[in-house]
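I opened my notebook to look up a few packing details. Here is the model I worked from.

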Amino acid sequence: MTPPPVAAPARPLLAGRAAVVVVYTAAMCMNGLDSTIVNPALFGIAEDFGRPVSAANAVETSFLVGLALGLPVAGWLGDRYGVKRVFLGSLAVFTLASALCAAAPGLGALSGARAVQGVAGGLLTPVGMTLLFRAFAPHERAGLGRILIVPTALMPALGPPLGGYLTEHLSWHWLFLVNVPVGAAAVLIGLIGLRGEPEPPAGRFDTTGFLLATPGLGLLTYALGFGPAHGWTSPGVALGGLLGVVLLGAAVRHQLRAAEPLVDLRLLADRTFGAASRLALLTAAGLMGALFVLPLLYQAARGASALDAGLSVFPEAIGLMAASQVVDRLLPRLGPRRLALPALLLAAAVVGCLGFAENPWAVRVLMFAVGLILGTAVLTVQIAGFADVPPPAMGRAMGLFTILRTLGGALGIAATAALLGAVGDGTDPAPYRLALLLTAGLVAAGALLAARLPAEAPGPPPGD
């Protein structure tokens, strides 16, 4: 008698690369939204807790400091405990911290929960990128622009209008509650659909590097976050910034000498990855500096409302969405160098023109162009930079790349804020134009590094 056929085990609806894309996108969208969604609610939060608005700024700064604390250890944790485990664990903590933010009884508790959110977010970004890049071979990554652009561009741009809407029509608590069902669903999908993979040996934990780099990044981020509002010479800002620079200098020296460093700065010696990482710092500084200055110019010098200023910046996100289509089509044909270098020069020219545009629609068109052109360069650099990074080094490389990009954004905002404070930031448009020219110069400087990118796009391995 023939035995009945054995049924094949049921395959999850979302498995393998599909699960990676879904879970990564959900997690990064939460992280991207939370970087900007709270800004329009700070007045309401301060009013609810009976505190001044300047005190409510701690809600945002604590998130950024937490982010800086999580970034240096992300690569080692992924190697030691597995990328899947660290990613899903960080996502669960981020979701739980969101619920704690919504239930916070006071400003101190809210700032503490935001710091936990930041630490989890600092782990999510590089570990999530490692998960995504491991799932796709180098020659397949041009198509990832469509995935990468949603959380990195669209979500931060949607944050302010969405935050304002939820705060006005519901309450600021909903800024955090919206994360809970999304995060819980993403963790569940990840537990079912993500596959664990063998990890490279993690090596010994670099305790000295951790004790130098982590507080160094945290203190420097604290100083950059509070400097524009509290003054660069205030004791807390000045001491925090100075100590942060000293600790980071010692951390760099240690990382270059350690046999198993926490953050492997020697990866920057690779021609392509090193150029891409430095480019990420410059472009993040230029873009975040411009996004900081333009709304101020629009409101202070041109008398626009906060809503109008926010809407004037939003077309940049639409341009970035379009950039993903451009990279998908042109990167395989032109190669990284021929695509990124002219895009950076053209983007610098467009950013420089922003300060002289008077018509609101002209500003919106220019912001769309910034998103399209600079977004094309940024995505090209991000994809090309990791083409030659071997899988065992991917986690550390992604952590280093994310640190430099995050630090670049903070430096861009701090540099433009310092320039405005030095030359005047009233109703005269000249200082704002000068600050925008500074951000354009940062973007243009990236063209020198773009010349070091490979001429040809990564192709499939032999035999494919």
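At what angle do helix H1 and helix H6 pack, and how far apart are their axes? The model is predicted, and I kept that in mind. I found about 150° between H1 (residues 17–34) and H6 (residues 107–135), with the axes 10 Å apart. Angles over 145 degrees count as roughly antiparallel, so H1 and H6 are roughly antiparallel to each other. I noted the crossing of H1 past H6 as left-handed.

Next I listed the contact. From H1 I wrote down Arg17, Val20, Val21, Tyr24, Ala27, Met28, Asn31 and Asp34. Among their partners in H6 are Arg114, Gln117, Gly121, Leu124 and Ala135. I sorted the residues of this H1–H6 contact into ten nonpolar, five polar and three charged.

Then I turned to the core. The largest nonpolar core holds 94 residues. Phe87, Leu91, Phe273, Leu344, Phe386 and Leu400 touch the most other members. Helix H12 (residues 271–301) gives the most to this core, twelve residues. I checked Phe273 beyond its neighbours within four places in sequence: its contacts include Leu268, Phe386, Val389, Leu400 and Phe401. Apart from this core I noted another, of 14 residues, with Ile37, Ile45, Val59 and Leu107 among them.

Last entry: is Asp206 buried or exposed? Asp206 sits in the loop between helix H9 (179–193) and helix H10 (207–230). Its relative accessible area is 8%. Buried means under 20%, so Asp206 is buried. Leaving aside neighbours within four places in sequence, I found Asp206 in contact with His254, Gln255, Glu260, Pro261 and Leu262. Ala258 is 52 residues from Asp206 in sequence, yet 8.3 Å away in space, C-alpha to C-alpha.

Note on methods. Residues are numbered from 1 along each chain as its sequence is written. This is a predicted model: local features need pLDDT of at least 70, side-chain atom pairs count only at pLDDT 80 or more; totals for chains, interfaces and linings use all residues. Side-chain values use heavy atoms; hydrogens and water are left out. A nonpolar core is a set of buried Ala, Val, Leu, Ile, Met, Phe, Trp, Tyr and Cys residues joined through side-chain atoms within 4.5 Å. Buried means under 20% relative accessible area, exposed over 50%, partly exposed in between (1.4 Å probe, protein chains only). Helices (H or I, at least four residues) and strands (E, at least two) are DSSP runs, numbered from the N terminus. Contact means heavy atoms within 4.5 Å. Axes are lines fitted to C-alpha atoms, for helices over the stretch in contact, and angles run from 0 to 180 degrees between N-to-C directions. Angles under 35 degrees count as roughly parallel, over 145 as roughly antiparallel, 65 to 115 as roughly perpendicular and the rest as oblique. A crossing is left-handed if the near helix is turned anticlockwise from the far one by less than a right angle, and right-handed if clockwise. Ala, Val, Leu, Ile, Met, Phe, Trp, Tyr, Cys and Pro count as nonpolar, Asp, Glu, Lys and Arg as charged, and the others, Gly among them, as polar.
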